[in-house]
Amino acid sequence: MDQSTTVLFGLPGVRVRRVERVESGARVVHVETAEGGSVAGCPGCGVVSVSVKENVITRPGDLPYGETPLTVEWHKRRWRCREPLCARLTFTEVIEEVSAGRRTTGRLRRAIACAVGDACRSVAEAAEAFGVSWPTAHATVIEAALAQLGDPEPVTVLGIDETRRGRPRWTYDVQSTRWVRTDAWDTGFVDLQPGAGGQGLLGQVEGRTSACVVDWLRQRTPEFRAAVQFVAIDPAAVYAKAIRTVLDDGSRLLPNARLVVDHFHLVKLANDAVTTVRRRVIWEQQGRRGRKIDPALTMPPPAAVRTGTPIAQGVHNDVEFSDRLRPGRADPHRLDRQGRTAGAVRARPHRRAP
Ligand SMILES: [Zn+2]
């Protein structure tokens, strides 16, 4: 066939033999390995073979072109490896765009990864548009991401927190013949370097145990681990344990790191403690639930936990929360404009007309 068809088709490593239209209206491009492909070098030993065993046809998925479907039929040969020391008996031709075992061309995989990663299309939608299955489309995204993502640069302030991802699921493990509960939580590692230059999310692993944090940190370089000066976590004992890990040689996993607990959780714990004490004191002194007018609720919070508005909001939330427990029902302790409770209003003597 004319060389121009090969140029138009543009898949490196193959030459177009002919193009035909089948009954369904689809077009079939028949290609063969061009000289650029590794024609007969055994991938096991590198020895060039001259012994053809059989002709085979593969149909790698390729980029759509035009409005009617276009399929690629690659006519290639299976060669015998005559090298006695080689474990491989036969092999077929490969090209860079379709390496051994692949059923899609490299340009198709790059296009799908681009559609998802750069154009923010969903994996399902890209799979449908390019005529591949969801797992195949997803694998291209993983492949492209792994190629682009390098190891994170060293950080001085490392943040570790958990993220919930879907519901916990039970899967049957064939080997142990047991049902295994998959963890619905991920652990994320972020660069908390203040100001510009932060790297954002550095990594995310499945699970929220000490082991998964230690594993991720072990995979980093010694320079990365030595550079970490502060690790910010919520009050999670498993994360604290991971940060305090001592290696076999007696050194610490993060030799220069100080553990810092996120202040939001500390303030919340302090607020909760104050609220608990206030409720208990009112119960002891008044024998009832607290009201907005009770001095224990209206007095200013202790200075130690007064960091702005959270305390006042916390008290207000408590009252609101108790109201929400009984939707549609008036709070019997709430005071009206005359200072009477709803119960007192209901219990007042009925005024009869004279
Ligand atoms: Zn060989």
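Residues are numbered from 1 along each chain as its sequence is written. Because the model is predicted, local features need pLDDT of at least 70 and side-chain atom pairs count only at pLDDT 80 or more, while totals for chains, interfaces and linings use all residues.

The protein contains eleven helices and twelve strands; helices (H or I, at least four residues) and strands (E, at least two) are DSSP runs, numbered from the N terminus. Of its 354 residues, 17% are buried. A residue is buried if 20 or more other C-beta atoms lie within 10 Å of its own, exposed if 12 or fewer, and partly exposed in between, with C-beta atoms placed from the backbone. Among contacts between residues at least 6 apart in sequence, 55% join residues at least 24 apart; a contact requires C-beta atoms, placed from the backbone, within 7 Å.

Two packed helices are described by the angle between their axes and the distance between the axes. Axes are lines fitted to C-alpha atoms, for helices over the stretch in contact, and angles run from 0 to 180 degrees between N-to-C directions. For H2 (residues 106–117) and H4 (residues 134–148), the angle is about 85° and the axes are 8 Å apart. H2 is therefore roughly perpendicular to H4, a term that covers 65 to 115 degrees. On the H2 side the contact is made by Arg109, Ile112, Ala113, Val116 and Gly117, and on the H4 side by Ala137, Thr140, Val141, Glu143, Ala144 and Ala145. These residues comprise seven nonpolar, two polar and two charged, where Ala, Val, Leu, Ile, Met, Phe, Trp, Tyr, Cys and Pro count as nonpolar, Asp, Glu, Lys and Arg as charged, and the others, Gly among them, as polar.

H2 also packs with H3 (residues 123–130), at an angle of about 145° and with the axes 9 Å apart. Here Leu108, Ala111, Ile112, Ala115 and Val116 of H2 meet Val123, Ala126 and Phe130 of H3. This contact has eight nonpolar residues, no polar and no charged.

Within H3, the buried residues are Ala126, Ala127 and Phe130. Seen down the axis of H3, they fall within an arc of 100°, so they line one face of the helix; the arc is that of the directions from the helix axis to the C-beta atoms. Their cover includes H2 and H4. The face turned away from the buried side carries the exposed residues Ala124 and Glu125. Just after H3, glycine 131 has a positive phi of about 70°.

Terms used
Angles under 35 degrees count as roughly parallel, over 145 as roughly antiparallel, 65 to 115 as roughly perpendicular and the rest as oblique. Two residues are in contact if their C-beta atoms, placed from the backbone, lie within 7 Å.
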